[in-house]
Amino acid sequence: MSHSHHHDDHDHHHEHDNRYSDMQARVKALETLLAEKGLIDPAAIDAIVETYETKIGPRNGAAVVAKAWSDPDFAEWLKQDATDAIASLGFTGRQGEHMRAVFNTPDTHNLVVCTLCSCYPWSVLGLPPVWYKAPAYRSRAVINPRAVLEEFGLTLPSTKKIRVWDSTAELRYLVIPEKPAGTEAMDEAQLAALVSRDAMIGTAIAGQPSEETA
Ligand code: FE
């Protein structure tokens, strides 16, 4: 009884740190066991992790946004069937099988969260940032998105609506930021450089063109 009470108390205060290190230890133990039994190849696991850490990242998503800004037909396709439109650029696979693109407008800002865990569109954004997986973000993004955005340094006019999208294992969201003013002459590569990872989660907006590139 006293043990279980102590345990609850302990969990309550150190919940998150312990959960993540427990999880890492379990993953490591499982990986070692599977490798010993010859069921997995550690080099293959390393290659997958390395791919998501270095090759598949937010530049994929930025290319999708830049194309949507430059090509109205692509933007329409992205609205109707984001999975297919994104796959047409070669971005497919793990954690990106079912995608939905949500477009920011002058009236509405979109913000993505996974309240249950950390579902995230890996194929277009790579691996999620630590804060995206943090319980504070996951709960507060829904309860008080405006305050959360303020903490990210994004102050939206009070007249702008904020829509919060809760990712699931089945459906992942990509925010299409508004195209900044003064970018009419830019090509897709220049436009993509204005699109940060956070702008595609909704905790930022697209960057303004600098004087040299405008
Ligand atoms: Fe999740």
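Trainee: What is the mean pLDDT of the chain?
Mentor: The mean is 85, and 86% of residues reach 70 or more. pLDDT is the predictor's confidence in each residue, from 0 to 100. This is a predicted model: local features need pLDDT of at least 70, side-chain atom pairs count only at 80 or more, and totals for chains, interfaces and linings use all residues. Residues are numbered from 1 along each chain as its sequence is written, and side-chain values use heavy atoms, leaving out hydrogens and water.

Trainee: Where does pLDDT stay under 50?
Mentor: Over residues 1-17. The model has three contacts (heavy atoms within 4.5 Å) for that stretch beyond four places in sequence. Where pLDDT is low, the predicted coordinates should not be read in detail.

Trainee: New topic. Is Asp198 buried or exposed?
Mentor: Buried, at 18% relative accessible area. Buried means under 20%, exposed over 50%, partly exposed in between (1.4 Å probe, protein chains only).

Trainee: What does Asp198 touch?
Mentor: Trp131, Phe152, Thr203 and Ala204, not counting residues up to four places away in sequence.

Trainee: Switching to helices. At what angle do H3 and H4 pack?
Mentor: About 120 degrees, with axes 5 Å apart. H3 covers residues 58-70 and H4 residues 72-80.

Trainee: Which residues make the contact?
Mentor: Val64, Lys67, Ala68 and Ser70 of H3 meet Pro72, Phe74, Ala75 and Leu78 of H4.

Notes. Axes are lines fitted to C-alpha atoms, for helices over the stretch in contact, and angles run from 0 to 180 degrees between N-to-C directions. Helices (H or I, at least four residues) and strands (E, at least two) are DSSP runs, numbered from the N terminus.
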